[in-house]
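Hello,

Here is the structure I promised to pass on. Have a look at it first, and my notes follow below.

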Amino acid sequence: MVRSAIVLSRSCLVRSAAGGAPVVSASNVTVNHASRTTVSSSVAGAAAGAAAGAPPNSHPQASSGAAAAAQIEALPLFRDVPVPDRQALFLRKLQICAMVFDFSDTLKSAREKEAKRQTLLELVDFIQSGSGRITEPVQEELVRTVGVNIFRCLPPASHENTGSENADPEEEDPYLDPAWPHLQLVYELLLRYVVSSDTDTKVAKRYVDHSFVLRLLDLFDSEDPREREYLKTILHRIYGKFMVHRPFIRKAINNIFYRFIFETERHSGIGELLEILGSIINGFALPMKEEHKLFLVRALIPLHKPKPVGMYHQQLSYCITQFVEKDYKLADTVIQGLLKYWPVTNCQKEVLFLGELEEVLEATQPAEFQRCMVPLFKQIARCLNSSHFQVSERALFLWNNDHIVSLIAQNRSVIFPIIFEALEKNMQGHWNQAVHGLTANVRKMFLEMDSELFEECQRQYMEKKEKAKALEEQRELAWRRLEAVVAAKAAGEEMILVN
């Protein structure tokens, strides 16, 4: 049997069921596919041993019998026991749920898996029903049980499996974790615990600490979109409820972005993280802190650089626009940033950038517009003449926006001369009829806006065209003269050779 070893560059965050410390903690670990089941089984055994009361360092197989007994132990429902005994019952049920199973084989331990699933459902219902505040020891065990289940080695990404680094992430099929039916219930349990009005943040922050939050953030690289959706909701709720964690969460997300932009350009959860940030930015108080402005310049704007920007551009554009709507003075910074990362050969990215540009200009005031209008409209002129009709068409759509037209009208003496030549070239030679029609409409708008300036631009354009024509004629004449001299010289040399 050939064992294909791969480099697993994803987060290995499997916790020890006994103490909460990572069993495996490495970012670049060489993992042998043939040994993955063994690792999973050992972790499962460790968790089972802890649930059954085995010592933390005991061999997993030594406690497997006790674990099986605990797994199939029939515990009463919460409603069937007196209220004072429910906390102890909750704890015993958590111990059953701390057992981790191998879901690659659906038939293996099927009875125990179903017992665990039913127990998880009971725990979720108990917290959701608001049956009372759970004690601190139970909260500690709950967070530990959640960690045992969700903090694990993520399976290798598609490109890591195939070794194809050039694969397009947008075209890859999403990975669906076979353990999701259980993982979903564990995430639901954590979510209900975080949002419950009975959860005291002063107690909970001891267990939902920085280490726990950091491990949650690492899980955003999961390829399963269902898991990322739960993580997004939970992290957002943690940010809202635990004020002490807010600066740490923002900084940790920054670090994920930096690594994605400047190192890997591969991460499954950038879109979900940006969705969380969109809501956070919306709640920023004014005047905006310098920390937040630096985040815009150092992280958000550079996120336009990576090739797979199309996967998260909608969320990124929303965050950028939120900043400009919060503080209109940032419009110049944002537009200059967009121009810095403007794509040269990727037409689909250009279409996305033009759409985002329109949203930013919608919130831009005249003073900020004047600071960046010259480089901005030089770029727009290049887009107007793009041979890709969607780019040219999207650039012309900017003139359908009343606010943008108003800004252009106020600064027409600067903008008309920049844009006029691009419009004339489209009228004379663009291959696409839709682009030709839209160009005619914009040209007519300019004429109606200021006919004298239009005529002056037209005169300058004709002069420039005539000069270019004269220059071309001079160049052709010079070439003809040079050819004649060369021909005469060659004829003279031939005569000499004949004589």
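**What I found**

Of the protein's 499 residues, 45% are buried (under 20% relative accessible area; exposed means over 50%, partly exposed in between, with a 1.4 Å probe and protein chains only). Please keep in mind that this is a predicted model, where local features need pLDDT of at least 70 and side-chain atom pairs count only at pLDDT 80 or more, while totals for chains, interfaces and linings use all residues. Residues are numbered from 1 along each chain as its sequence is written, and side-chain values use heavy atoms, with hydrogens and water left out.

**Overall picture**

The protein has 22 helices and 4 strands, taken as DSSP runs numbered from the N terminus (helices H or I, at least four residues; strands E, at least two). Among contacts with a separation of 6 or more, 73% are between residues 24 or more positions apart; contact here means heavy atoms within 4.5 Å. The accessible surface is about 25,300 Å², and carbon and sulfur atoms hold 53% of that (Shrake-Rupley method, 1.4 Å probe; for residues, only the protein chains shown count as cover).

**Salt bridges**

Side chains of opposite charge can pair when their charged atoms come close. The count comes to 24 salt bridges, each being a side-chain nitrogen of Lys or Arg within 4 Å of a carboxyl oxygen of Asp or Glu.

- Arg250 counts as buried because its relative accessibility is 14%, whereas Glu291, at 39%, is partly exposed.
- Lys293 is in helix α13 and Asp327 in the loop between α14 (313-326) and α15 (331-340), 34 residues apart. Lys293 is partly exposed at 25%, and Asp327 is buried at 15%.

Salt bridges that share partners also join Arg152, Asp177 and Glu227 into one network.

**A buried charge without a partner**

What is the nearest side chain of opposite charge to Glu356, and how many Å away is it? Glu356, in helix α16 (residues 347-362), is buried yet has no salt bridge, and Lys349 is that nearest side chain, 10 Å away. For charges, Lys and Arg count as positive and Asp and Glu as negative, while His and the chain ends are not counted. The side chain of Glu356 does make a polar contact with the side chain of His313, at 2.7 Å (a pair of N or O atoms within 3.5 Å; within protein, one must be able to donate a hydrogen and the other to accept it, and residues adjacent in sequence count only if both atoms are side-chain atoms). Leaving aside neighbours within four places in sequence, Glu356 is in contact with His304, His313, Ser317, Ile320 and Leu338.

**A buried histidine**

His245 is in the loop between α10 (225-241) and α11. His245 counts as buried because its relative accessible area is 3%. Beyond neighbours within four places in sequence, the contacts of His245 include Val208, Asp209 and His210.

Best wishes
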